[in-house]
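Subject: Structure handover and notes

Hello,

Here is the structure we talked about. My notes follow below it.

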Amino acid sequence: MDVAELVRALAADGEGPATIEARHTVPARPAAFAPFPEWLHPGLRQALEARGILSLYSHQRRAADLLAEGRSVVVATPTASGKSLCYLIPVLDRLFRLGADARALFLFPTKALSRDQMDEVEEILKACGRSDLVVAVYDGDTPPATRRALREAGQVVITNPHMLHTGILPNHTKWQGLFTGLHYVVVDEVHTLSGVYGSHTANVLRRLRRIAAHYGARPSFCLCSATISNPGEHARRLVELPVEVVDEDGSARGAKHYLFLNPKVLSEAQGLRVPAVDVARQIGARLVASDLQTIFFTRSRVTMEVLLKYLRDEARRRNVDQERVMGYRGGYLPELRRRVERDLASGRVTSVVSTSALELGIDIGSLDVCVLVGYPGTVSSTFQRAGRVGRRQRESAVLFVARGFAMDQYLIRNPGYLFDQPREAVAIDPDNPIILANHVKCAAFELPFEQAPGENAGFGQAKWIREVLDFLTDDLKLLVREGGRYHYGAPTFPADGVSLTAADMDNVVIQDLDSRKVLAEIDRPSAIVEVYEGAIYGHQGDQYLVERFDYADRRAFVKRVDVDYYTEADTETEVRVLHVDESVPYPAYVAHRGEVEVTTLAKAFKKIRFYTRENVGADEIHLPPETYLTEAATLALDPALAQQVGLDKGSDAGGLRGVAELIQGLVPLFVRVDPGDVGVLAELRHPHFERPTLTIFDRIPDGVGLSERIFLVHRDVLRAALGLVERCPCRMGCPACIGPSPDQGLRGKALARAVLQGMLQEAPGRDPTRRTGAG
Ligand SMILES: [Zn+2]
């Protein structure tokens, strides 16, 4: 079977579990080549030619030229377009010419990608006979003996943001050679540097540039990204330098067929469909014995394991070697992951079921069919995953199998969303006060801050740097003013206490009562809804019962259990307005943006049986409320609209809750966030604005700029919500639109629709996008 036959078979299968609701074909395209640059070192050119690379793609040439001139570049082209040559050519060329005096630092998000990159560089160096150049990975797995040699001689040091933060920058005196000769810094997969993690990493890069400047180096940066809508803006925020954007992909591409499969409806009124995983299983059954190499992407670890079992059962039924079907996810041991990567590349494995773990650029060769079991959550992720197939100018297929949820059903009805619209923007906020203060503390440990410096104390474009220094000195007593400088004056090692993955350092530790081992950490706001006493905590496929939650000491004690249910807490959330920073009036409502205080209280929890989702019990939770400050956008409805649609009666709150549900489901399509990063609250009478409101708030303490972005695009979200509710075939609401109908009341769907229609009306002759300030 080839890809064209598969596509024909799926289209002809009227009896199958899903219907093809839309198709889209991206036609084949020849490569745009460019000759090697004149400046290229002849030895390097020979080595590339020996590897069969006789010319470059146009984007590789452009990026290489810019980097060789000393400029910084962001390369935003699809998976498998040959991004690494963009920087390897100028970096290795510089190393060839300058020898031991030139150094480069590569930052990769995972150990696997670091090792992949090291192998690639070593192969090129071997082909040139340049054994004098040292390339090495520096991470948690690097043996201490190697570390020392690497610090002194490593010309290409490959590491990750975390090691740079805790290992290299605080010990910069031992890395003098690296910093003095630092010509290039490569940062890979920068689209993953979003939100809190991205904001931390931007500060680590501020510290890196500050240390490099101390040793007299001004490195050029090469940032690599998946295709996002704002690569230039994102790159400039990350490195605070002028950055050229290279996003014209010159690589060759075979035709790629996208099929949008909607599982058949089981119950029209309740909006129930055949589960996406069952559809994926039936597609897999066709493919498991064929020569087409297929990758299945699931949204969760549990779904991944279930689908893997199904596909192995299919293989057994067909007398196919079960080793041809493998799973892949973060929790597996590294050796097993390496094996699957190798066997995929060699063709030994023909079907792989993966979580997002295979989305990043680890080389697994060229596959033929990608099955997306549910929408990956963002357009960028979708194309990263789709980029796993069709590398060698061969025809390929991407099968999107929708789930019943709003996001997936929206995409089934609006496939153009993936192809016609700009990709998501990546948002970071390096000046988030908590994140900034943490890194200023680390930076002060590395080098004292001058009290009367030029250029913002050498800390990039950081805002309020002076206030942060004074706060760390006067309030926290961590720094000392001395001789016109701020010195680090505490006995602690600050980088150890700063984790790059959460703004709130006050994490709860989850500890196994039997082994006494720490299983995981969880941030405090999540802890009260996940590790209360009686909760079931899932970890690497096992279930643990929370026996005791020591709230004061931030410790949850768990015990391994074998149960057939999981738990879900019911929470109440209040959002109190502290001040309003901006207000924009629209014909039927006013949009406000400002600082809020969010209070969450968990009161009770339900026990829910796996697979059937039966409710098998309930209990109370006894925990104090969790409070944090953050940012929010509030849409306050005019009383006239509320009255017109009948929102004045308390019993009709379901309609407004339905709108909140729609917004919650659709926001990830417009702002690159995880659905859990943003909360949406509907209130019939808001205590501050005294009218019906929809409040969209940043779930990350102190905010990371999400609600600001939502404030700007909220009308697009409302339009999408209206389109979805108008086209949803259910009668009174379903999981694909306003949520299950019993929750939102009999009139819920009609009311939600009326509210959205009212909010979206445009006043003639008035420009609704014009802004007015308000206090
Ligand atoms: Zn519906």
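A residue is called buried under 20% relative accessible area, exposed over 50% and partly exposed in between, with a 1.4 Å probe and protein chains only. This is a predicted model, so local features need pLDDT of at least 70 and side-chain atom pairs count only at pLDDT 80 or more, whereas totals for chains, interfaces and linings use all residues. Residues are numbered from 1 along each chain as its sequence is written, and side-chain values use heavy atoms, with hydrogens and water left out.

Salt bridges

A salt bridge here is a side-chain nitrogen of Lys or Arg within 4 Å of a carboxyl oxygen of Asp or Glu. The whole structure holds 40 salt bridges. Helices (H or I, at least four residues) and strands (E, at least two) are DSSP runs, numbered from the N terminus.

Aspartate 570 pairs with lysine 606, and their closest N and O atoms are 3.5 Å apart. Lysine 606 sits in strand 28 (residues 589-609) and aspartate 570 in strand 27 (residues 565-586), so this pair ties together parts 36 residues apart in sequence. Aspartate 570 is partly exposed at a relative accessible area of 38%, and lysine 606 is also partly exposed, at 25%.

Arginine 385 and glutamate 359 form a salt bridge at 2.8 Å, N to O. Arginine 385 belongs to helix 14 (residues 379-386), and glutamate 359 to the loop between strand 16 (351-354) and strand 17 (369-373), so the pair ties together parts that are 26 residues apart in sequence. Arginine 385 is buried, with a relative accessible area of 6%; glutamate 359 is buried as well, at 7%.

Glutamate 762 is in the segment after helix 24 (748-760) and arginine 715 is in helix 22 (residues 706-727), so the pair links distant parts of the chain, 47 residues apart. Glutamate 762 is partly exposed at 43% relative accessibility, while arginine 715 is buried at 8%.

Helix packing

The axes of helix 9 (residues 195-214) and helix 10 (residues 231-239) come within 7 Å and cross at roughly 55 degrees. Helix 9 is therefore oblique to helix 10; angles under 35 degrees count as roughly parallel, over 145 as roughly antiparallel, 65 to 115 as roughly perpendicular and the rest as oblique. Axes are lines fitted to C-alpha atoms, for helices over the stretch in contact, and angles run from 0 to 180 degrees between N-to-C directions. Gly198, Ala202, Leu205 and Arg209 of helix 9 contact Arg237, Leu238 and Val239 of helix 10, where contact means heavy atoms within 4.5 Å.

Cysteines

There are 0 disulfides, a disulfide being a pair of cysteine sulfur atoms within 2.5 Å. For cysteine 128, the nearest cysteine sulfur is that of cysteine 86, 18 Å away.

Backbone

Most residues other than glycine have a negative phi. Glutamate 189 has a positive phi, near 55 degrees. Glutamate 189 lies in the loop between strand 8 (182-187) and helix 9 and is buried, at 7% relative accessible area. Arginine 554 likewise has a positive phi near 55 degrees. Arginine 554 is in the loop between strand 25 (542-550) and strand 26 (555-561) and is buried at 16%.

Regards
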